[in-house]
Every structure is written in C-alpha cells, then in structure tokens.
Amino acid sequence: MLSLHSAKQRGNGGRIGLAIAGGGPIGGMYELGALRALDEALDGLDLTRLDCYVGVSSGAFLAAGLANRMSTAEMCRIFITGTSDDAQFRTETFLRPNVDEYLRRVASLPGLYAQWGKRLLRNPRKAVRWSDLILRFGGLVPTGLFDNTGVEAFLSDVFSRRGRSNDFRKLDADLFVVAVDLDTGEAVRFGEPGWDNVPISQAVQASAALPGLYPPVEIRGRHYLDGALRRTMHASTVLERGIDLMIGINPLVPFDATRATPQLDEVEQVGLASGGLPAVLSQTLRTLLQSRMQIGLEKYPHQFPNIDQLVFEPNANDSELFFTNLFSFSSRHRVCQLAYRNTLADLRRRADVLEPMLAAHGVKLRRDIVNQKNRSILAGLDIVPRMTDTTARLRRALDDVEQFIASQRAVAR
C-alpha cells in the first residue's frame, strides 16, 4: 500500500531523505525487501547516496547500513541468501539468552526475601497481598529475554571494515538513529550535535531494544529503549532537513481479517480472537503504531507542503505476513519476497502519478522491472567476486571518483 503526497511547489535541489520505521526482526526483513524493490525499479535513485537517513528500531539497522554505503544487494546477501563474503549472519547472535542478567537477578533473591520477611513481621496482612508481592519480587524478572551485546558487536565489526565507519561524524550523509530515554520517556536522536559521538553500533543497539525482548542499553549513565515507543517512523526528522523528496517504509499495519483470503488454518474467517493472546497482542501493537503514524502522515502535507512524500506499507489483508512471528528469523526470505512484490505492485499501480513526480527529482521508473509480476528478489543478486578489505576500499574510492565525474558533467550541462 502506497501513501502519496505531491508537493504543491517543487524546488530544484533534488535532495532525498529516507525514513525507516521499526517492526521487530520480521519488520526489518519486510523493509529490506521493499528497499530492494525500490533500488531495482527506480533508475537514478541510489539508496546509498541519499542526503539524509533516519532509522528506528529494526529500521535503524538498514538506515545505518545504507548510510555506510552498503547496497541493498549486499544486505540481501548477508541476511537472505548467506552468500556474502563481507559478513556472516547468525540468528544466535540476535537471539542469545540473557543469561548474565538472569544470574544477577537470581543473586538478589536472598536480599529481597529478607526485606519481605521483615515487612511480614511488621504487617503480615499487607505483606501477603498480591500487589505487594509483585512489587517486591518484580525485580527478579529480567528486563529482556535476549542479550543484545552481540548485536552491537556484530554491527561494530561490520561498520569498521571496507571503508565504512562506526562514527556518525565521518559519514557522507546525515544519519539519525532514534531511541527513547527510559527514565524520562523523551526521544533522543543519535547523530545530531551532542549525540554524534556515540558509536553508530551502540545507537542502533539502543534503538532496537524492544521492551521485553532486549534489555535497555546504557549510554552516558542513562538507559535507552526502542525508538518506536515515541513515534513509529520519525519522518519529521528528515522532512525538517530541507529535502525535496521523502521516502518512508513502515512494515506494520493492522490486519483486516474481513478482507483477507484465508491461506492459513488459523484464520478460517472466524475472527482474530480465535488466535488467542498472540493474535490479539500482535493486532494491538500494529494498531497502536499505525494510528500514531497516520496522525503524522495527515499533518506532514500541511507542515511540509512543498516536499513530495512516498510511504510504503504492507497490504492490510496480508494474512501471510500477519501470522508470521514478529521475532522469527526463519521466515526472512519469504517475508522479503512478499515485500519485494508488494512494493513493485504499488509502483505499477501508481505509475502514471509517480513518473512525473519522480522525474522532477531525476529518477525514472523502470517499467521493465515493475511490470514483472512474478519477479523474484533473487533475480538481481548476482554473486560478486570475493574481495579483501583492501580491494573493497579501492572499489569504494573508484566509485567516489566516478560519482564526482558524473556530478561535474551534470553541472557543465
């Protein structure tokens, strides 16, 4: 589903910004599929050379990669096909039990029990209330099921090789990673002045610290959580940067069971309540995130009337996506493929409106790509020659030279 706003008056700067929302591991894979479709279908759009990026939660992984000049093809080889010679993705890195915190919490049990015992002697009736017991012993419950230190280490390694950087200040484009301060509830944009000396890998770790799944991340003595707790996509971050075109991707929308074609036994056209608590919680999360984003999307055309805005989302009747576990990595290829085809279908349906809009920004819609209804995301993932760190840096430098020559020729015309 594509939401579109045409600028009332376009500038001639051609500056483009990208906003990528959160959505758990599966949301990140959906976004990767959508980005791959845009990369192939829009000639003149280089997703690794945009002017501004903002990433939230799982979207922060992708935004940081693109800002570091990692192509969508390379990220697909890392996360989907496993054919990359750059980095090796292992699900256990992202789903390692938070054993250290479990042990620390358990070690505090004797002290908590002693405090409760004293309270029981002073006021036996109040000490045995369920509310009091939960308050006293709630500290035994870990803040996250999984340990996210491995996530930070993985990203730090990837962003420290082949000419990439783990430093916001050394990137060619503006990158913002949003997280929320646990103690104040305020959003923090890592990458802006005052917060740009935090390593990108640590900022992404904090932004993706989904409550319950991962523990909060300590930075400068404070703790930070998933950036989606405040806003879903934080598109205003790029809209305020003086861009001319904003592209947004949001992977989570409420599921409309009344319009879905039953493909799974769980649906059976009897309503989501039959799916139990997981289905109810998933629909609740999607509805909350979507409602907040819709408020922003309704305001942005009035606040930024001269910026073209494109926001890509899944279809509300995608039962295949809804009944996939948000925290599963095993379905990443299938979800990527679904997003890839959905995005190509959106471009195909709105081609007549999109072509003149994109042309104003030097981008051309490739009809030969979008008209392939059964095109696979694997079609353009040719295996590239293996590279060492040195050859990768050389290739990056030659690409910079080629880009500079092309820009000078454009100015000369």
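A residue counts as buried when its relative accessible area is under 20%, as exposed when over 50%, and as partly exposed in between (1.4 Å probe, protein chains only). Asp 226 is buried by this rule, with a relative accessible area of 3%.

This is a predicted model, in which local features need pLDDT of at least 70 and side-chain atom pairs count only at pLDDT 80 or more, while totals for chains, interfaces and linings use all residues. Residues are numbered from 1 along each chain as its sequence is written, and side-chain values use heavy atoms, with hydrogens and water left out.

## The chain as a whole

The protein chain has 413 residues, and 49% of them count as buried. Its secondary structure comes to 17 helices and 13 strands. Here helices (H or I, at least four residues) and strands (E, at least two) are DSSP runs, numbered from the N terminus. Contact means heavy atoms within 4.5 Å. Among contacts between residues at least 6 apart in sequence, 78% join residues at least 24 apart. The accessible surface comes to about 19800 Å², and 53% of it belongs to carbon and sulfur atoms. Such areas come from the Shrake-Rupley method with a 1.4 Å probe; for residues, only the protein chains shown count as cover.

## The annotated site

An unreviewed UniProt entry places the feature "active site" at Ser 57 and Asp 226. The two residues span 170 residues in sequence, yet no two of their C-alpha atoms are more than 5.6 Å apart, so they gather at one spot. UniProt positions are given in the numbering used here, feature names are shortened, and annotations may be inferred rather than shown by experiment.

| Residue | Location | Relative accessible area |
|---|---|---|
| Ser 57 | loop between β4 (52-56) and α2 | 4% |
| Asp 226 | strand β10 (residues 222-226) | 3% |

The side chains of Asp 226 and Ser 57 make a polar contact (2.9 Å). A polar contact is a pair of N or O atoms within 3.5 Å; within protein, one must be able to donate a hydrogen and the other to accept it, and residues adjacent in sequence count only if both atoms are side-chain atoms.

Residues up to four places away in sequence are set aside for the neighbours of Ser 57, which include Gly 22, Gly 23 and Ala 208. With neighbours within four places likewise left out, Asp 226 is in contact with residues including Val 56, Val 180 and Pro 211.

## Enclosed strands

Strands pair if DSSP finds at least two bridges between them. Strand β2 (residues 16-20) pairs with strand β11 (residues 245-249) in the parallel sense over five bridges. Leu 18 stands opposite Ile 247, and Ile 20 opposite Ile 249. Four bridges join β2 to β4, again in parallel. There, Gly 17 stands opposite Cys 52.

Five of the five residues of β2 are buried, so β2 is largely enclosed by the rest of the structure. Ile 16, Leu 18 and Ile 20 lie on one side, with Gly 17 and Ala 19 on the other.

Strand β11 has five of its five residues buried, so β11 too is largely enclosed. Both of its faces are covered. Five bridges join β11 to strand β12 (residues 308-312), which run parallel. Gly 248 stands opposite Val 311 in β12.

## Helix α9

Which residues of helix α9 (residues 149-158) are buried? They are Gly 150, Val 151, Phe 154, Leu 155 and Val 158. These residues cover an arc of only 135° around the axis, which puts them on the same side of α9. The arc is that of the directions from the helix axis to the C-beta atoms. Their cover includes α2 (58-67), α3 (72-81) and α10 (200-207).
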